[in-house]
Amino acid sequence: MQADQISRTALFTAYSRGFHHTYDQPVIFSDSLAYSLLPLEEQDRIAMLLLAGFRLTNPAAAASFADTQSALGWLMQSSAAASIVLSRAQYAEDCLEQSMATGVSQYVILGAGLDSFAYRRPDLVAKLNLFEVDHPATQGYKRQRLAELGWRQPQNLHYVPVDFNSQKLRDRLADSPFNPDRPAFFSLLGVTYYLPREIVLATLAELARLAPAGSTIVFDYLDEEAFVPGKCAPRVQRMLDHVASLGEPMLTGFEPLTLSEQIIPLGLGLQEHLSPWDIHNRWFLGRSDHYRACEHIHFARVAV
Ligand SMILES: C[S@@+](CC[C@H](N)C(=O)[O-])C[C@H]1O[C@@H](n2cnc3c(N)ncnc32)[C@H](O)[C@@H]1O
């Protein structure tokens with residue numbers, strides 16, 4: 001991501017959640033606020049881009065739909081990105097609730113983008129100190145949008161602008177009301193892909209040093225096979241090409257079989273790992289539409 005550019009992929013993930021909430025049943029993840037956070041002209045711009053790309057790459061299929069809404073519905077459901085975005089969001093919030101049941105009362109959303117949790121789940125927010133950590137450009141965009149909407153910021157929501165590539169997360173959290181003596185829950189959704197490997201590992205290591213035992217981190221990641229020419233699933237290859245064209249290339253993946261070994265030296269232990277099969281069985285089995293878990297995508301829950 002360039003230094004002063006808002007994350008285009010964060011706008012797209014919000015679009016995916018808003019589209020799903022508006023048009024799909026049953027819901028995998030229910031985000032009633034995603035569309036509000038995305039200005040109407042931005043929603044239209046994303047839809048136009050998606051349709052233009054479809055017509056360009058697969059004109060026969062694009063022409064087979066009776067109207068643009070049906071074409072968009074098929075695109076969203078069958079694309080790699082939307083299924084990842086929806087299932088990881090539900091996974092993170094399920095894990096958060098489990099951590100809260102053990103007494104965790106700090107939630108740090110790393111790379112928050114247009115995550116609507118702070119306004120969507122007042123029942124949980126009331127019991128938390130909440131931190132949204134993001135690149136300053138993306139966070140600035142979101143805060144400007146929230147000001148336009150006139151939504152009142154919860155008192156216990158704290159914004160922490162950080163560029164993971166050039167700033168120490170630990171220092172920035174230390175400047176906030178984050179309490180390093182109390183266990184915390186961290187989500188890192190849709191972020192590991194875009195950072196160099198050493199920054200992902202350094203960020204996880206910082207969290208392990210910063211947060212006490214009893215803290216949890218949830219993240220999603222691509223396996224390394226996705227970066228091997230000829231081995232990547234076609235729709236994942238299209239996603240890689242698309243995000244690169246937006247100026248946010250996916251750079252980093254991990255080997256699922258050795259993930260545990262890689263994080264132990266950082267002070268972290270793998271608590272739960274979900275493969276594409278696990279993800280499919282948990283959130284997609286039995287659906288009659290085109291959503292299915294994404295090849296090469298894994299979820300990890302790790303304990304400090
Ligand atoms: C694909 S979006 C995911 C947003 C949100 N977590 C979601 O699931 O919708 C990637 C997020 O990572 C953030 N990000 C990317 N590179 C970053 C960096 N170097 N420092 C801080 N945040 C970064 C972007 O600003 C953006 O919010």
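In strand β4, Ser-187 is the bridge partner of Ile-109. This is a predicted model: local features need pLDDT of at least 70, side-chain atom pairs count only at pLDDT 80 or more, and totals for chains, interfaces and linings use all residues. Residues are numbered from 1 along each chain as its sequence is written. Helices (H or I, at least four residues) and strands (E, at least two) are DSSP runs, numbered from the N terminus.

**Strand β1**
- β1 pairs with β4 (residues 185–188) in the parallel sense over 4 bridges; pairing takes at least two DSSP bridges.
- With β2 (residues 129–134), β1 also pairs in the parallel sense, over 5 bridges.
- In β2, Glu-132 stands opposite Ile-109.

**Ligand shell**
- The ligand is surrounded by 21 residues, the closest being Thr-13, Gly-111, Gly-113, Thr-138 and Gly-190 (C-beta atom, placed from the backbone, within 6 Å).
- Helix α1 (residues 8–23) gives the most to this shell, with 3 residues.

**Helices α3 and α5**
- α3 (residues 40–57) and α5 (residues 68–78) pack at about 85°, with axes 10 Å apart; axes are lines fitted to C-alpha atoms over the stretch in contact, and angles run from 0 to 180 degrees between N-to-C directions.
- The two helices, α3 and α5, are therefore roughly perpendicular (65 to 115 degrees).

Methods
Parallel < 35°, antiparallel > 145°, perpendicular 65-115°, else oblique.
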